[in-house]
Amino acid sequence: MSSMAKDKEKSLLLFSSSFSYREVKPSSLLRRFRFVVFVVLCYVLWLRLLFFTFPPESSEHSVAGGHSHRRVSRSLDTCHPDIAPFYIHSIHPRFNAALMQRCLARPASCDVCPHVGHRGLGRPLLRLPLRADDVVGTSWYATHPLAAEMLFHHRAERHPCRTTDPEAALLFYVPFYAGLHAAANFRQKNHTRCDALAVDLAAHLSSLPSFRRHGGRDHFLTLGHASWNFMRSPAYPDLGTNRLLLLPEVGNMTVLTVERHPWEGHNQFGIPYPSYFHPRTAAEVAEWQAELRRFRRTHLLAFVGGLRSDEDKGSVRSTIMNQCWKSNRCIPVDCEAARHECGDPDRVLDVMRRAEFCLQPPGESFTRRSTFDAVLAGCIPVFFSEHAAYTQYEWYLPGRPEDWSVLLERDRWGRVEEELARIPRAEVERMRETVIGLIPRMTYAHPDANRSELGFHDAVDVALVGLTKRIRASLQEGGVKAM
């Protein structure tokens, strides 16, 4: 074979080898590319889930034993003059975010845990009105009644009155999810373990210059549980899960709780239980209020609840339930666990919207989330104890209880329907209009709500106004010039 032929054969072999390589390599690269795309998509989806469940905090973040800082720009919305600048303490995640993460990882560990997603809002609802079919933009959620401390925190993070400069603040917020911690430790028999997190928080606060400056009088925290759960003492060893509210460091602080101790809660102030509506705009609230005014009330009264083992509370509930079941003017919703009716927001609000009056006997304690569901439904609450609302939520309620509610003393418990039926129609309509007017201030707005579009004071704003007045007065009494 000539050298020319050999060179030609070699060239053909090289071409053939190169062609084979070009044929195989794109396929291999395509497989690798697909694999990389799959991994990236999984990572993006994981980040998206993480963001919506635990959105980035808009604050500096510091941990005990070391500090790392994140600064973000302050909201462009204008701070209302009735609310003083407040600072959110960046406490260790084990006091809040880690508690939520543990709940999400082990939802069966407590009743609240399955509902802490979406920053405490819970599962988005699909059947209630106001574009609820759009999950991304919905304002309706199956919110747990004990989620107030989480909702307050996430609303406060984006609040226009928040400052990242502690020297510019009059109020100091401690975002401890004490209720979530208590709910996960109800079965814990070791009191030392139950108290450990609260004791650690108190020790941390007492080390802060901002706390020592006024002995904690300008600090506040929120509780998603009744205050009784944080007042365990040797005299009352079964009263609560821990002794947070009896710690000396907390004694000077202001405590916002869904139920205050009526006799010993000198520094406790009631905030609403969260219901299912978390509006983003004033237009949404106005639309819902207009819907309630149009809705036809078909029954005189309704009762959503179940029996209680407590002798006194069980007595009034049994009396009420018997009357309701026997009357064709009352709509009963039995909250037996097997029925699951009270866990259905659509069912609860539908019943309450159809009644003029909603009966609110004491629950496990004096107060009930059902009271705030009734307000959301434009249903006039009927109480059987002044401690169910009147001594609890002074920052939120009209000065005259009779303008928006009915109180039935013990001697009238046996004739509830008769007592309500004798109230004049014009009076009922005035009371209902007052109740509907209370909806904005008793509602926790969506954490993403923009102040310029919200246009009203929600439950968090009302609390901040009350805190501003209280702490300014307290500092002035102590001879300190308040901002």
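**Entry 1**

I looked up Cys79 and found it partly exposed, at 22% relative accessibility; the term covers the range between buried (under 20% relative accessible area) and exposed (over 50%), with a 1.4 Å probe and protein chains only. The model is a predicted one, in which local features need pLDDT of at least 70 and side-chain atom pairs count only at pLDDT 80 or more, while totals for chains, interfaces and linings use all residues. Residues are numbered from 1 along each chain as its sequence is written, and side-chain values use heavy atoms, with hydrogens and water left out.

I then asked which residue a disulfide joins to Cys79. The partner is Cys161, at an S to S distance of 1.9 Å; a disulfide here is a pair of cysteine sulfur atoms within 2.5 Å. The two lie 82 residues apart, Cys79 in the loop between β2 (66-67) and β3 (86-88) and Cys161 in the loop between α3 (148-157) and β6 (171-173). Helices (H or I, at least four residues) and strands (E, at least two) are DSSP runs, numbered from the N terminus. Cys161 is buried, with a relative accessible area of 0%. The torsion about this S-S bond is about 100°, so the disulfide is right-handed.

**Entry 1: The other disulfides**

I noted five disulfides in the structure. Among them, Cys335 and Cys342 have sulfur atoms 1.5 Å apart. Their S-S torsion is about -75°, so this disulfide is left-handed. Cys335 is partly exposed at 30%, as is Cys342 at 24%.

Cys358 and Cys379 form another, with sulfur atoms 2.2 Å apart. Its torsion is about 110°, which makes it right-handed. Cys358 is in strand β12 (residues 355-360), and Cys379 is in the loop between α11 and β13 (380-383). Cys358 is buried at 2% and Cys379 at 0%.

**Entry 2: Helix α8**

I turned to helix α8 (residues 282-294) and asked which of its residues are buried. They are Glu284, Val285, Trp288, Gln289 and Leu292.
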